[in-house]
Amino acid sequence: MNTKYIFVSGGVASSLGKGIIAASLAKLLQARGLRVTIQKFDPYINIDPGTLNPYEHGECYVTDDGAETDLDLGHYERFLGIHTSKANNVTTGKIYHTVITKEREGAYLGKTVQIVPHITDEIKRRMLLLGKSGKFDIVITEIGGTVGDMESQPFVEAVRQLQWELPEDDLTTIHLTYVPYLSAAKELKTKPTQHSVQTLQQAGVHPDIIVCRTEHPLTAEIRRKVALFCNVKPGHVIQSIDAWSIYQVPLNMKEEKLDEMVLEHLGIHDAKEPDLRDWCAFLDRLRNPKSEVDIALVGKYVELQDAYKSILESFVHAGAANECKVHVHTVHSEFLTEENLEEKLSGMDGILVAPGFGGRGIEGKILAVRYAREKGIPFFGICLGMQMAVIEYARDVLGYADANSSEMDPETAHPVIDLMEDQKRTTIKGGTMRLGAYACYLAKNSLAERIYGDNLISERHRHRYEFNNAYLEEMEAAGLKASGRNPDTGLVEIVEIPEHPFFIGVQFHPELKSTPERPQPIFVAFVKAAMERRSK
């Protein structure tokens, strides 16, 4: 069977959930025994989101091979339970960079380099790249942005060309739109969807299936109207109604027969019925918790929940694994002070200090660490959160009042967190951090080893600064143990306090590998520790 290609575009408004629809369809096709992957094509000119502020773009998701990518790749991995790579996220910046580099090398001698055919040819090459690997039966491509945006036009043009270059049953297109409800008129309005599809059709792309994002059920009459005016087959207009959880969406799409329509378009007739037993078991645990806990997430980007998307989803997975409802309370570290510390954190069953960059809000994070350590509240620090735990320990236990990270205070006399050696020669910001999966050896009989049930693990990283090993002996003598080390560099990856009920900080980002069917072990253990504290 030839590799089949599915393209998912969006219209009317952004943030409708193209990534969730693409991931849900992929889950259904995977459950039918097909080998599926998803890729995201983003229209911004940045090479990747690595240099973007989280307020601009949400979290930056990192893959095993060190790609800094769009957060939708996190959805893809969580839904499919497979790893993505650098090839799964392509930006306009990457496309233009490749074409301009080739032009400088003389690849187009004598030719005027243009959007068509040179840019669109490079887009098409990348759209088909994963399919040509032979590893996948189906490649789903999500087109970022909204149809009609100037930035997205080259991607839409590339899909138009592929519609006539590929065999008819090797490609299908899905368009996600919004059907608003006007409360004054008490009716759903289809005109925005009609205009969105018309814009797409004017660009030469004719959707096979229209998915309507809606807050109210679509009547049969509305579906027929959309099909008629948007020139799709009757029955190929389906709804994506608000769900109680994003993980319910695959079942909603199954009920709408989205996977069956796609298989029909692609000429696949021998796929088995989808096996979603494990997925449904997860949803059952998620919907019917037997207990609950309150967790404080202390961070500096809490105004935008997408800035900590993978952490929030990891709590969903860990909560379901413990049959526990996790209530996450965001606490802005910039406004956390000695005066309001008790008010903000006293009722919490656990405290997580989140990752981040820069000096804003770090003193609040350090206060949160101290509060958790002194009060015996389960503590979990991730990346910068782990570094704040080290600084707090140096200040309040070792007595180094000026202890800091050289990121925040280059002149500190006690840089307990310092710039990694190989970073000191780096001047370029984009794509130069310690990125991707690295091995970590766990100390015997440590909390970390008990959590993982193994002494060698691999987790993903995204940082420039590290624990300063010049202070390691002194830290360990005072009770802060380095329970995880990189086997090649000796870099401290995990710190913990054995005398504390649950206190662990990790330099890596464990949230990036958590899935509903394989929840991340530290999150599971942290939630369990919070449950034990609450029960006491």
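Two strands are taken to pair if DSSP finds at least two bridges between them. What you have open is a predicted model, in which local features need pLDDT of at least 70 and side-chain atom pairs count only at pLDDT 80 or more, whereas totals for chains, interfaces and linings use all residues. Residues are numbered from 1 along each chain as its sequence is written, and side-chain values use heavy atoms, with hydrogens and water left out.

**Stop 1: strand E10 and its partners**

Keep E10 (residues 209-214) selected and show Cys-212, which is the bridge partner of Thr-177 on one pairing and of Gln-239 in E11 on another. E10 and E11 run parallel and are joined by five bridges, and within that pairing Arg-213 has Ser-240 of E11 as its bridge partner. Five of the six residues of E10 are buried, buried meaning under 20% relative accessible area, exposed over 50% and partly exposed in between, with a 1.4 Å probe and protein chains only.

**Stop 2: the whole sheet**

Now extend the selection to the seven strands of this open sheet, which follow the order E5-E2-E6-E1-E7-E10-E11 with parallel pairing. Strand E5 (89-91) and strand E11 (237-241) stand at the edges with a single partner strand each, so one side of each is left without a neighbour in the sheet. From one strand to the next the twist averages 20 degrees.

**Stop 3**

How do the axes of H5 and H6 cross? They come within 9 Å and cross at roughly 70 degrees, and the two helices are therefore roughly perpendicular to each other, a term for angles of 65 to 115 degrees, while angles under 35 count as roughly parallel, over 145 as roughly antiparallel and the rest as oblique. To see the contact, show residues including Ile-119, Ile-123 and Met-127 of H5 with Phe-155, Val-159 and Leu-162 of H6.

**Stop 3: the largest nonpolar core**

Next, show Ile-6, Ile-138, Ile-140, Ile-174 and Leu-258, which touch the most other members of the largest nonpolar core, a group of 45 residues. Such a core is a set of buried Ala, Val, Leu, Ile, Met, Phe, Trp, Tyr and Cys residues joined through side-chain atoms within 4.5 Å. Helix H1 (residues 18-31) gives the most to this core, with nine residues. Leaving aside neighbours within four places in sequence, Ile-140 is in contact with residues including Ile-6, Val-8, Ala-22, Leu-25 and Ile-38. Apart from this core lies another, of 43 residues, among them Tyr-371, Leu-384, Tyr-393 and Ile-417.

**Stop 4**

Strand E17 (residues 415-419) pairs with E20 in the antiparallel sense over three bridges, within an open sheet of three strands in the order E16-E17-E20 with mixed pairing. Its edge strands, E16 (404-405) and E20 (465-467), each pair on one side only. Helix H15 (residues 384-396) lies across E16, E17 and E20, running at about 145 degrees to E17.

**Stop 5: strand E23**

Move to strand E23 (residues 503-506), where Phe-503 and Gly-505 point one way, Ile-504 and Val-506 point the other way, and all are buried. Strand E15 (residues 379-382) runs parallel to E23 and is joined to it by four bridges, with Gly-505 as the bridge partner of Gly-381. Strand E22 (residues 492-496) runs antiparallel to E23 over three bridges, and a hairpin joins E22 to E23 through six residues.

**Last stop: Ser-15**

Is Ser-15 buried or exposed? Select this residue in the loop between E1 and H1: Ser-15 is exposed, with a relative accessible area of 75%.

How values were computed:
Axes are lines fitted to C-alpha atoms, for helices over the stretch in contact, and angles run from 0 to 180 degrees between N-to-C directions. Contact means heavy atoms within 4.5 Å.
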